Amino acid sequence: DTADAFVSTDTGVDAGPDPTRLDNDRTDSDCDGLSDAVEFSTIHRDGQKTDPDNPDTDGDGILDGIEMGKTSSVAGSRCPPLADADPSDRTSPTNADTDGDGIADGAEDANRNGAVDSTETNPNLGDSDGDGIPDNVEDADRDGVRDAGELELKKLVGGFLLQQRDL
C-alpha cells in the first residue's frame, strides 16, 4: 500500500525565510518592517545585506525597518504595527555604529524610535551638538546620554579640551 509508505517530513516548524518564495514581497519573516524580498536583494553601503530571519541584523537594538525609515509594517504580513518616528533620519541596519563614534546606534537612539529626541545624541553624527567635541568624549560611558558626573566639555582651545569649570 503506497499510503503507508508516505512519511511526512513536516515538523510543524517554519524552515525560515526562503529566497525562492513567490510572495517574499508580502512576507516579513522576522517582523522588522522589511519584506523578505527587500532583505534578500538590498546591498547596503558596507556591502552587507540584512538578515530576513533576524529583526536586528547589526545587534544595536533598533529594528532593521526603523533604521531604514519604514513607516508601516509590510503589507500582507501578519506583523504588528511598526513606524519610524522620523523616516528621513536613517541609520545603517548592518552597522551597529553608523557614525563610527564608538556609541552604538541603539544607545544614541535610546528609545529606538528612529528620531533624534532632545535627550539623545545623533547616531549619524560623531559630534551631535556641533561643538567640535566628539560624542564619545562628551559621553564618557558611551551610553548615548550625558549623565550627571560626565564631563561637560565646552571648548577645544589650543588643542586642549577644557571643562566648563575651567572656562
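Is Arg112 buried, partly exposed or exposed? Arg112 counts as partly exposed, because its relative accessibility is 38%. The terms work like this: buried is under 20% relative accessible area, exposed is over 50%, and partly exposed lies in between, with a 1.4 Å probe and protein chains only.

Before I go on, some ground rules. This is a predicted model, where local features need pLDDT of at least 70 and side-chain atom pairs count only at pLDDT 80 or more, while totals for chains, interfaces and linings use all residues. Residues are numbered from 1 along each chain as its sequence is written, and side-chain values use heavy atoms, leaving out hydrogens and water.

Back to Arg112. You will find Arg112 in the loop between helix 4 (105–108) and helix 5 (135–138). Helices (H or I, at least four residues) and strands (E, at least two) are DSSP runs, numbered from the N terminus. Arg112 is not a glycine, yet its phi is positive, about 55°. Most residues other than glycine have a negative phi.

Arg142 also has a positive phi, near 55°. Arg142 sits in the loop between helix 5 and strand 1 (153–157), and is partly exposed at 39%.

Next, the disulfide, meaning a pair of cysteine sulfur atoms within 2.5 Å. The whole structure has one. Cys31 and Cys79 form it, with sulfur atoms 2.1 Å apart. Cys31 lies in the loop between helix 1 (2–5) and helix 2 (36–41), and Cys79 in the loop between helix 3 (64–67) and helix 4, so the pair ties together parts 48 residues apart in sequence. The S-S torsion is about -75°, so the disulfide is left-handed. Cys31 is partly exposed at 32%, whereas Cys79 is buried at 14%.
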